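Below are my notes, point by point, for you to read alongside the coordinates.

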Amino acid sequence: MKRRIVLAATLLPAAPVLAQLKTGDNPEGSERWQKVRASLFAGRDIAGDGDAVARLEVPNRAEDAALMPLAIRAQFPQTPERHIRKVWLIIDNNPSPLSSVFSYTLASGQADIATRVRIDEYTFVRAISETQDGKLHASTRFVKAAGGCSAPPGRDAAAAAASLGRMRLSVIGTAKAQQPLQAQLMVSHPNDSGFVMDQVSRQHTPPHFVRRIDVRYAGELVLSADVDFSISENPNLRFYFTPQKDGELRVQVVDSKELKFEDKLVLRVGD
Amino acid sequence: MRVWLLVGLLCAPAQALTLQQIAPDTWLAQGEHAAWAEHPQAAHVANASVVAGRDCLAVIDTGGSVAVGRTLRQAMAPISRLPVCWLINTHAHPDHMMGNAAFAGAGPQGRDPEVIGHARLPAALAARGPHYERAARRDLDPVHHGAAPAPPLRTVADTDRVDLGGRVLTLRAWPTAHTDHDLTVHDEPNGLLWTGDLLFADHLPVLDGNLLGWLKAMDALRGMNARLLIPGHGTPQAAGQVLARQQRYLEQLRDVVRASLRKGQSLQEVLANPPSMDLQGWQLTPVFHRRNLSAAFAELEWEPSGDTR
């Protein structure tokens with residue numbers, strides 16, 4: 001519910017005029033962050049030890065603001081005693097600061113995610129992780145980049161519409177029982193923010209983006225992601241899961257128009 | 001005092017802008033090799049040209065700020081009194097068109113020149129214009145701040161012509177290559193071809209469209225048999241070497257990215273440890289090479305051979 005409130009508050013078409021940040025000297029001084037924090041984590045402590053829990057990896061300067069690689073890497077495997085339940089990805093100065101919420105299970109094996117995001121302004125980027133004990137941990141970086149959220153889709157609209165929802169699901173390496181295995185999901189989707197205004201009609205193109213991704217292996221949930229248009233065009237996710245035995249890796253993607261796309265991969269697990 | 005201050009402000013970028021004649025009735029204000037807004041004075045970085053016929057001038061790209069456009073207009077005054085009937089924008093990148101507004105009233109009878117661009121230029125400008133304005137405010141000297149230009153009223157979906165009076169320029173809209181809205185200007189009788197950023201000389205090519213499409217466009221550029229190519233960045237020169245060099249860079253870029261994809265590498269890995277390539281002789285590689293790797297990766301990962309399964 002809180003997520004909805006944040007989205008509604010920040011989706012106003014006229015993005016508020018931001019003081020333009022040039023440096024990353026004061027992460028707590030960000031007004032946007034204070035608002036997001038109050039809305040998502042009211043009254044909860046957030047430790048600054050995220051680099052030892054779920055470490056955020058970003059370049060200092062995004063080569064391409066519409067396509068910045070980003071990874072959040074767990075610093076320990078998922079065990080009943082110690083694991084990561086959830087990671088919030090927050091990009092302070094994007095039109096919708098809460099970019100994604102990734103939920104993990106023990107079957108995730110390793111609570112990592114690698115994806116690509118759009119960056120609208122020079123901004124702090126934060127990975128706030130929640131561990132099994134309910135504690136929150138922040139890993140924060142400052143990124144120089146501008147212009148990602150309203151970057152036009154790269155291809156012509158007709159071609160993009162024709163390939164909408166095409167998916168590629170693959171595993172990287174060989175499946176071995178009880179060992180986390182990396183998988184990659186590619187979804188052909190414009191992931192349109194709706195911020196591009198038609199100069200003639202003065203209308204914004206309607207937003208159309210992937211909003212939810214669920215991944216199961218052998219029927220068991222390994223990753224759920226609530227995402228929005230700050231994920232780059234053609235969303236790409238790399239994540240882990242631990243196959244116990246032969247099974248099917250199934251992905252379900254739902255977009256903001258409630259279109260559903262599915263893909264699956266049958267896996268044989270070696271010894 | 002006030003007058004001096006005004007002149008000082010207007011002339012601040014003028015030191016870097018000179019019009020050199022590159023062919024009869026044809027002048028070039030060559031840009032410096034820098035990324036637009038990379039430093040506070042980096043506004044005149046793309047080439048801007050002036051072409052004269054009997055009745056009219058056409059300006060091909062207008063510089064990276066209204067101030068640059070204004071200095072260009074001032075530099076044109078001693079050369080010709082003809083009206084600027086057309087501003088031709090080769091694409092929407094800010095270093096090529098932020099100067100448009102400086103030519104208000106420079107057209108026939110004090111009207112505004114007609115702005116011409118690719119049919120997809122208005123969409124690109126709508127999406128990016130506000131960011132270009134903000135980037136200018138953040139990174140450039142105040143003299144270079146200003147609004148993004150209005151979209152062109154005349155657009156080219158295939159080919160078009162403008163007649164300057166005894167001198168016809170042929171405009172050609174290209175399929176996605178450097179960007180998705182590249183426009184070239186061809187003065188066929190005189191063998192002059194303005195490539196826009198379909199061609200870079202010395203300045204590393206920048207990919208913001210489609211790599212395989214750009215390689216196809218290179219073949220087509222070669223087939224146009226122009227005597228002198230005026231690149232978007234760098235010195236005008238005969239075809240041949242300059243095309244071959246760019247072709248080699250783009251082909252290498254394609255090949256190293258395909259090889260990385262075959263190995264199952266992620267975009268993050270490729271950018272953190274760029275595959276080895278011959279970058280010798282290119283300027284601005286620290287600013288643009290990794291960006292090119294990123295764009296090529298996002299394009300080529302959808303090729304059938306890019307499947308990591």
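1. Let me start with B:Thr62, which is buried because its relative accessibility is 0%; buried means under 20% relative accessible area, exposed over 50% and partly exposed in between, with a 1.4 Å probe and protein chains only. This residue belongs to the loop between strand 4 (57-60) and helix 2 (66-76) of chain B. Helices (H or I, at least four residues) and strands (E, at least two) are DSSP runs numbered from the N terminus. Please keep in mind that this is a predicted model, where local features need pLDDT of at least 70, side-chain atom pairs count only at pLDDT 80 or more, and totals for chains, interfaces and linings use all residues. Residues are numbered from 1 along each chain as its sequence is written, chains are lettered from A and ligands numbered from 1 in the order in which they are written, and side-chain values use heavy atoms, leaving out hydrogens and water.

2. Most residues other than glycine have a negative phi. B:Asp61 counts as buried because its relative accessible area is 3%.

3. A:Ala218 is found in the loop between strand 11 (210-217) and strand 12 (220-227) of chain A. With 38% relative accessibility, A:Ala218 is partly exposed.

4. On to the rings. Over all chains there are 7 aromatic pairs; rings of Phe, Tyr and Trp (its six-membered ring) pair if their centres lie within 6.5 Å, and planes under 30 degrees apart count as stacked, over 60 as edge-to-face and the rest as tilted. One of them joins A:Phe41 and A:Trp88 edge-to-face, at 4.9 Å centre to centre with 85° between the planes. A:Phe41 lies in helix 2 (residues 31-41) of chain A and A:Trp88 in strand 4 (residues 84-91) of chain A, so the pair ties together parts 47 residues apart in sequence. Both A:Phe41 and A:Trp88 are buried.

5. Chain B has an edge-to-face pair as well, between B:Trp36 and B:Tyr132, with 6.3 Å between centres and 70° between planes. This pair links distant parts of the chain, 96 residues apart: B:Trp36 is in the loop between strand 2 (26-29) and strand 3 (48-52) of chain B, and B:Tyr132 is in helix 4 (residues 121-139) of chain B. B:Trp36 is buried at a relative accessible area of 15%, and B:Tyr132 is buried at 11% relative accessibility.

6. The charged end of A:Arg82 sits over the ring of A:Phe76, 3.8 Å from its centre. B:Arg172 lies over the face of B:Trp174, 4.1 Å from the ring centre.

7. Now the sheet. Chain A has an open sheet of 9 strands with mixed pairing, in the order 1-8-7-4-5-12-11-14-15; two strands pair if DSSP finds at least two bridges between them. Strand 1 (46-47) and strand 15 (260-267) of chain A stand at the edges with a single partner strand each, so one side of each is left without a neighbour in the sheet. Strand 1 of chain A pairs with strand 8 (residues 136-143) of chain A in the parallel sense over 2 bridges.

8. Strand 14 (residues 247-255) of chain A runs antiparallel to strand 15 of chain A, joined by 8 bridges. In their hairpin, with 4 residues between the strands, A:Glu258 takes a positive phi near 60°.

Notes:
Lys NZ or Arg CZ within 6 Å of the ring centre and 35° of its normal.
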